[in-house]
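Reader: Please take me through some of the labels used for this model and say what each one rests on.

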Amino acid sequence: TTKLTLKSSIVSQITSVNTFKCSATSIEHPASGPFERDVVVTPIVVTAVNKEVLSGTDAVVISCKATGLTAALQTVEWQKSDGTDVTSGVTGYTSSAGSISSGGSQTTTLTVASAQNNADSTYSCLITPATADDATRVSTPVTLNVFTITPHDRSITTGATQIAISCDIAGLGSAADVTWKDAQGADVPPGDSTNYIVDNGKAAFNSALRRPN
C-alpha cells in the first residue's frame, strides 16, 4: 500500500471535491506505463436544518445533513445547550440516525415533543464519520426557535359599525407574512376594502360581516 499524507496546509484548502492521482510504472517494463487511478477526496459538510415552531403545538423535527460521506456515520448524538444527551431514553425526545444515500449524504433527526418546545432553543448535532473517512467528530448547532401568537378576543354589541381584532406575534427570527381567515375559513383578501381593512397584522371589519342572515 502506498500512502500520501495531506498536511493541514493542504487539508485546510479542500472546500470542494479534489481528485488526486496514484500512478505506478513497472520498473521491469517502464514502457508499458504509467498506470493511473483517481483518488477522490471529498470534504464532509454538515448543514443544520433549523426550525420555527408555534409554542404549545405539535412535535417538531430538527435535523442536520452530512454530505461527502463514503460510508454511514459511525455515531450520531444529540445534546441540549447545557450538554445533556437527549439521543435516547429521554422523555420528550426521539432521535434517528438516518441512513446513507447513494449520493453519500445522511440526515439525522431529533423529534422534540410539544411539551419540550420551550425547553431549549439550541441543540447540538454531533456526528462521527466512519473510520474509512478519516475525519474527526463534528458538532453542529441546530436552532429551534419557538414563537407565540397571542389572540385578543373581542365582544361586540348589535349595531356596531366597525371593530378591530388583533393578535400579537412574538419570537420569530425574521419578519412574518401575516394572513387572516374569516369565520367560514376563507382567506381574507388584503385588497378587500369593502368588508375588511388589513393593517400590519390587524384586521378591521365593518358591521355588514356581522349582520345576521
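Author: Residues are numbered from 1 along each chain as its sequence is written, and side-chain values use heavy atoms, with hydrogens and water left out.

Reader: Why is Ser-63 called buried?

Author: Buried means under 20% relative accessible area, exposed over 50%, and partly exposed in between (1.4 Å probe, protein chains only). Ser-63 has 10%, so Ser-63 counts as buried.

Reader: What does Val-41 touch?

Author: Contact means heavy atoms within 4.5 Å. Not counting residues up to four places away in sequence, Val-41 touches Leu-6, Ile-14, Ser-16, Val-17, Asn-18 and Phe-20.

Reader: What makes S9 and S10 a pair?

Author: Strands (E, at least two residues) are DSSP runs, numbered from the N terminus. Two strands pair if DSSP finds at least two bridges between them. Strand S9 (residues 122-128) and S10 are joined by 6 bridges and run antiparallel, so they pair. Leu-126 stands opposite Ser-139 in S10.

Reader: How confident is the predictor in the protein chain?

Author: pLDDT is the predictor's confidence in each residue, from 0 to 100. The protein chain averages 83, and 89% of the residues score at least 70. Over residues 207-213 the pLDDT is below 50. Where pLDDT is low, the predicted coordinates should not be read in detail.

Terms used. This is a predicted model: local features need pLDDT of at least 70, side-chain atom pairs count only at pLDDT 80 or more; totals for chains, interfaces and linings use all residues. Helices (H or I, at least four residues) and strands (E, at least two) are DSSP runs, numbered from the N terminus.
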